Amino acid sequence: MSDFDILDEEVRSCTLCTLSAKRTNAVPGDGDRKANVMFIGEGPGYNEDQQGIPFVGRAGQLLNEMLASIDLQRQDIYITNMLKCRPPNNRDPLPAEITACGPYLERQITMISPKVIVTLGRYSTANFFPNEPISKLRGKPMPWNDITVLPMYHPAAALRNGKLKDALQRDFQQIPELLDSENADRSSPLQNTLPTTTEERQLDMFAPPPTDKEPTPNSDEEPSTTESGPKQMSFL
Ligand code: URA
């Protein structure tokens, strides 16, 4: 069994947070474990929970279209989520859930060692850059350790808002160039604000949340209770 298989098994049998009690399937991740580009979404929705595979609903279809526009297919990338189990009613992730799941994502990033990480939506973006809203960060490739992180709007948000969809389409066009270039933009003015170690990122847990708001990513697939449900800061 490879280290990756072991990790997937740990995720599938995980009981570190209460989401495990209600899941049909945990959703570790999918795709090329040696991919140059890794995508990170928020958390499984209804369809993902049913199938145990990330991004298989409507947001996933849009993602596939965007990938095709740059001559990539799902098997060329690795894709996973911040949370590996579906939050009830597709509500936003809770801080305790993100904390519990965080080490799985860290291990995935270490094992895949991608050149580029695309963060989809405000939660996965806040995992790397907790102090800036997604509207400011999207489309800006930024250095994080030895990886280039490219934040984007979540495809589910783009399904509801044509302007966000246009932005997502434009941001996707940067991926081939980033994969080609050895040196992504290392002169970003945001560079000095970025937490680079786990400890720094943990300290940033208490940073204020980004001020803008995207539509709830998973709520296209099932009715969401987000507006009345619990709220929490974006962090890690
Ligand atoms: N939205 C996400 O963030 N992840 C999925 O896997 C599906 C929808």
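## How H1 and H5 cross

Let's start with two helices: H1 and H5 cross in a left-handed way (the near helix is turned anticlockwise from the far one by less than a right angle). This is a predicted model, where local features need pLDDT of at least 70, side-chain atom pairs count only at pLDDT 80 or more, and totals for chains, interfaces and linings use all residues. Residues are numbered from 1 along each chain as its sequence is written.

H1 covers residues 3-12 and H5 covers residues 95-112; they pack at about 165 degrees, with axes 11 Å apart. Axes here are lines fitted to C-alpha atoms over the stretch in contact, with angles from 0 to 180 degrees between N-to-C directions. H1 and H5 are therefore roughly antiparallel (over 145 degrees). Helices are DSSP runs of H or I with at least four residues, and strands are E runs of at least two, numbered from the N terminus.

## Who touches whom

H1 brings Asp 3, Phe 4, Leu 7 and Val 11 to the contact, while H5 brings Tyr 104, Arg 107, Gln 108 and Met 111 (C-beta atoms, placed from the backbone, within 7 Å).

## The sheet

Now for the strands: six of them form an open sheet in the order E1-E3-E2-E4-E6-E5, with mixed pairing (strands pair if DSSP finds at least two bridges between them). E1 (30-31) and E5 (142-144) sit at the edges, each pairing on one side only. Inside the sheet, E2 (37-41) and E3 (78-81) run parallel over four bridges, and Gly 41 stands opposite Asn 81 in E3.

Notes. Parallel < 35°, antiparallel > 145°, perpendicular 65-115°, else oblique. Contact = placed C-beta atoms within 7 Å.
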